[in-house]
Amino acid sequence: VQLQASGGGLVQAGGSLRLSCAASGRTFSSHIMGWFRQAPGKEREFVACIRWGSRLTYYADCVKGRFAISGDSAKNTVYLQMNSLKPEDTAVYFCAQALSYTEHPSDYKYWGQGTQSPSPS
């Protein structure tokens, strides 16, 4: 499985941005697609995840109500819609795949390259 993240960029505080993560290879309904982020000098932290088959979603408290994760099975792509962005949301964002629900980065087997976003101005 290969994951390709995209969509990073510069945005003003309070603005919105959507990240995409395209997965190549076979995915199963039980698989979890997650988004993580890592700011300079900080540990990688869980942002959100979605279960392919049921579309169940989970969010970190710090992004609840502002971020939304969704998936398009036909395109094998997961999205992270980020609204009401704050300066503290600035980080490198990574998408990843796990076999079952987890918020721990170490449990995710496949990782995409990071995308820098957002960078509120």
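User: Does Arg18 count as buried, partly exposed or exposed, and what is its relative accessibility?

Analyst: The general idea is a scale of relative accessible area: buried means under 20%, exposed over 50%, and partly exposed in between, with a 1.4 Å probe and protein chains only. At 46% relative accessibility, Arg18 counts as partly exposed. Please note that this is a predicted model, in which local features need pLDDT of at least 70, side-chain atom pairs count only at pLDDT 80 or more, and totals for chains, interfaces and linings use all residues. Residues are numbered from 1 along each chain as its sequence is written, and side-chain values use heavy atoms, with hydrogens and water left out.

User: Where is the place of Arg18, and which residues does Arg18 touch?

Analyst: Arg18 has its place in strand 3. Strands (E, at least two residues) and helices (H or I, at least four) are DSSP runs, numbered from the N terminus. Contact means heavy atoms within 4.5 Å. Not counting residues up to four places away in sequence, Arg18 touches Ser6, Gly7, Tyr79, Leu80 and Gln81.

User: How many helices and strands does the chain have?

Analyst: The chain has zero helices and twelve strands. Buried residues make up 42% of its 121 residues. Along its principal axes, the C-alpha trace spans about 40 × 30 × 25 Å.

User: What is the strand order of the open sheet of four strands?

Analyst: Pairing is read from bridges: two strands pair if DSSP finds at least two bridges between them. In this structure the order of the open sheet is 1-3-8-7, with antiparallel pairing. Strand 1 (2-6) and strand 7 (67-72) stand at the edges with a single partner strand each, so one side of each is left without a neighbour in the sheet. Strand 1 is joined to strand 3 (residues 17-24) by five bridges, and the two run antiparallel. Gln2 stands opposite Ser24 in strand 3, while the bridge partner of Leu3 in that strand is Ala23.

User: Which residues of strand 1 form its covered face, and which its uncovered one?

Analyst: In a regular strand the side chains alternate between the two faces of the sheet. In strand 1, Leu3 and Ala5 form the covered face, whereas Gln2, Gln4 and Ser6 form the uncovered one.

User: How many residues of strand 9 are buried, and with which strand does it pair over seven bridges?

Analyst: Strand 9 is mostly covered, with seven of its eight residues buried. Strand 4 pairs with strand 9 in the antiparallel sense over seven bridges; Met33 stands opposite Gln97 in strand 9. Strand 9 also runs antiparallel to strand 11 (residues 115-117), to which three bridges join it, and the bridge partner of Tyr93 in strand 11 is Thr115. Two bridges join strand 9 to strand 10 (residues 110-111), again antiparallel. There, the partner of Ala96 is Trp111.

User: Which residues touch the most other members of the largest nonpolar core?

Analyst: A nonpolar core is a set of buried Ala, Val, Leu, Ile, Met, Phe, Trp, Tyr and Cys residues joined through side-chain atoms within 4.5 Å. The largest here has 32 residues, of which Trp35, Val47, Phe67, Leu80, Met82, Tyr93 and Tyr108 touch the most other members. Strands that each supply at least two residues of this core include strand 4 (32-38), strand 5 (45-51) and strand 9 (91-98). Val47 touches, among others, Trp35, Tyr58, Phe67, Leu80 and Tyr93, not counting residues up to four places away in sequence.
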